[in-house]
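Let's take a friendly walk through some side-chain packing and charge pairing. Have the viewer ready and follow along.

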Amino acid sequence: MVRLYRTTDGFFGEERNRFWRVEAASWEDLLGDADLHNRVSAESQRAELLESLDGMTLLSPVSTQEVWAAGVTYFRSRSARIEESKDAGGGTFYDRVYAADRPELFFKASGRRVVGPLGEVRIRRDARWSVPEPELTLAIHSSGKILGYTIGNDMSSRDIEGENPLYLPQAKVYDGSCAIGPCLLLESGNLPKETAIGIKIERNGAHAYVGQTTLKELKRPVAELVSYLFRENSFPEGVFLMTGTGIVPHDDFTLVAGDRIVITIDNIGTLENQVASS
């Protein structure tokens, strides 16, 4: 499996723990190549192989691209949204969208708002109930072709969204609310349904929460989500799409400053971030 990394020292391909430099004018140049997998693989035949990327800082694979997100694509997410919004009378909305033909899609972040590996994510100062949402994230070419997969953390303020579904943008879109990385797994086909997604939240050296799911629980095909995203929308530099979460911490859990969030997805890697102090 071929992976692509964006670093402070340039772009690097990787397969079987061997790394090589990928020459490109810019990250947009790479994401603008519909044959990205073959381009990166071909570079390995003529570039010097490296044992690691030690000494380099990994950057998010998002540069100028927009990040969008899909909601209520897992039954666990549906149940959590119904529970958090029942007092506001909005619980049935989430049940309806889970079963509807049209998925819930919403804007999540502009490129400048995206946090990379080891960066600090934030919880809103006016929120009382905040959680991370680990999500398989698609890197999509301007044509709508899936270029690859990465890991996303859709930070969310559950109390704000639960107060009124119309507050969704405030619950989801704010500085430090989106982390993506550490690389792109360059696969255009569907990942195996057995692909595991896991999260650990560490607090004061101990596990405050641990959760896991698999892509078997994802209700909608990723191609369907992409199809709806590209209806009446164009993305000249490509786009990233978070596909929803099947892991939601129990209702008495909320993030606090200093928490360490570690998200893993099979064959992609690990995205680690810390919750900022303010």
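The report below looks at a helix face, aromatic pairs, an arginine and several salt bridges in this predicted model.

Let's begin with helix H7, which spans residues 222–229 and has Val222, Leu225, Val226, Tyr228 and Leu229 as its buried residues. These residues cover an arc of only 165° around the axis, which puts them on the same side of H7. Their packing partners are five named strands: S6 (66–71), S7 (104–109), S11 (134–140), S12 (146–154) and S17 (239–242).

Arg231 lies over the face of the Tyr228 ring, at 4.0 Å from its centre.

## Aromatic pairs

Across the whole structure, a search finds six aromatic pairs. One of them joins Tyr5 and Phe19, with ring centres 5.9 Å apart and planes at 55°, so the pair is tilted. Tyr5 sits in strand S1 (residues 3–7) and Phe19 in strand S3 (residues 18–22), and the two are 14 residues apart. Both Tyr5 and Phe19 are buried.

Another pair is formed by Trp68 and Phe107, whose ring centres are 6.0 Å apart with planes at 85°, so this one is edge-to-face. Trp68 belongs to strand S6 and Phe107 to strand S7, so the pair ties together parts that are 39 residues apart in sequence. Trp68 counts as buried because its relative accessibility is 16%, under the 20% limit. Phe107, at 30% relative accessibility, counts as partly exposed. Ring pairs also bring in Phe230 and Phe235, giving a cluster with Trp68 and Phe107.

## Around Arg203

Next, have a look at Arg203 in strand S15 (residues 196–203). With 25% relative accessibility, Arg203 counts as partly exposed. Leaving aside residues up to four places away in sequence, Arg203 touches Ala208, Phe253, Thr254, Leu255, Val256 and Asp259.

Asp259 is 56 residues from Arg203 along the chain, yet their C-alpha atoms are separated by 5.1 Å. The side chains of Arg203 and Asp259 are joined by a polar contact of 2.7 Å.

## Salt bridges

How many salt bridges does a search of the whole structure find? The total is 17 salt bridges. Among them is the bridge between Asp175 and Arg113, where the closest N and O atoms are 3.6 Å apart. Asp175 lies in the loop between helix H6 (168–172) and strand S14 (178–185), while Arg113 lies in the loop between S7 and strand S8 (114–115), 62 residues apart. Asp175 counts as partly exposed at 45% relative accessibility, and Arg113 counts as partly exposed at 26%.

Lys172 and Glu133 also meet in a salt bridge, at 3.1 Å from N to O. Lys172 is in helix H6 and Glu133 in the loop between strand S10 (130–131) and S11, 39 residues apart. Lys172 is buried, with a relative accessible area of 3%, and Glu133 is buried at 3% as well. Both belong to a network of salt bridges that links Lys108, Glu133, Asp154 and Lys172.

Finally, Arg158 pairs with Asp251 in a salt bridge whose closest N and O atoms are 3.5 Å apart. Arg158 lies in helix H5 (residues 158–163) and Asp251 in the loop between S17 and strand S18 (260–265), so the pair ties together parts that are 93 residues apart in sequence. Arg158 is buried, with a relative accessible area of 0%, whereas Asp251 counts as partly exposed at 39% relative accessibility.

Terms used:
Residues are numbered from 1 along each chain as its sequence is written. This is a predicted model: local features need pLDDT of at least 70, side-chain atom pairs count only at pLDDT 80 or more; totals for chains, interfaces and linings use all residues. Side-chain values use heavy atoms; hydrogens and water are left out. Buried means under 20% relative accessible area, exposed over 50%, partly exposed in between (1.4 Å probe, protein chains only). Helices (H or I, at least four residues) and strands (E, at least two) are DSSP runs, numbered from the N terminus. The arc is that of the directions from the helix axis to the C-beta atoms. Contact means heavy atoms within 4.5 Å. Rings of Phe, Tyr and Trp (its six-membered ring) pair if their centres lie within 6.5 Å; planes under 30 degrees apart count as stacked, over 60 as edge-to-face and the rest as tilted. A charge sits over a ring if NZ of Lys or CZ of Arg is within 6 Å of the ring centre and within 35 degrees of the ring normal. A polar contact is a pair of N or O atoms within 3.5 Å; within protein, one must be able to donate a hydrogen and the other to accept it, and residues adjacent in sequence count only if both atoms are side-chain atoms. A salt bridge is a side-chain nitrogen of Lys or Arg within 4 Å of a carboxyl oxygen of Asp or Glu.
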